[in-house]
Amino acid sequence: RFELGVSKMLPNVRLRQCEFDCLVSFAFNLGLGTFQRSTLRQALLRGDKEAAIESLLKYCRAGGRVLKGLQLRREAEAKMFKSGY
């Protein structure tokens, strides 16, 4: 379900497998609605993968504060995304 949702929301965006896996992890954690509205997705639609990684790292808040667990997850996802470079 999440794989299909991510694919449909990024038409014509070429992704390596590691990048796609990162985005599915993100969507699974935050939901497809959040992914659809995210600055991460907007950056990818523009073709700006560096901005996408920067945006990804900002999604580590819950209840208005940074959570260490989310911060670590986003860092791991960013590393996964970059592993194809």
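I began with the contacts of Ser55 and found that, leaving aside residues up to four places away in sequence, Ser55 touches Thr39 and Leu40, where a contact means heavy atoms within 4.5 Å. The model is a predicted one, in which local features need pLDDT of at least 70 and side-chain atom pairs count only at pLDDT 80 or more, while totals for chains, interfaces and linings use all residues. Residues are numbered from 1 along each chain as its sequence is written, and side-chain values use heavy atoms, with hydrogens and water left out.

I then placed Ser55 in helix H5, residues 49-56; helices (H or I, at least four residues) and strands (E, at least two) are DSSP runs, numbered from the N terminus. Ser55 is buried, at a relative accessible area of 6%, and I note that buried stands for under 20% relative accessible area, exposed for over 50% and partly exposed for what lies in between (1.4 Å probe, protein chains only).

Next I followed Leu40, which touches Leu23, Phe26, Phe35, Ala52, Ser55 and Leu56 when residues up to four places away in sequence are not counted.

For contrast I looked up Asn12, whose place is in the loop between H1 and H2. Asn12 counts as exposed at 83% relative accessibility, and its phi is near 65°, a positive value in a residue other than glycine.

Last, I turned to the whole protein chain, which holds 6 helices and 2 strands and reads α-α-α-α-α-β-β-α along the sequence. Its radius of gyration is 12 Å, close to the 12 Å that the globule rule gives for 85 residues, so the chain is as compact as a globular protein of that length; the radius is taken over C-alpha atoms, and the rule is 2.2 Å times the number of residues to the power 0.38. I recorded that 39% of the 85 residues count as buried, and that 57% of the contacts between residues at least 6 apart in sequence join residues at least 24 apart.
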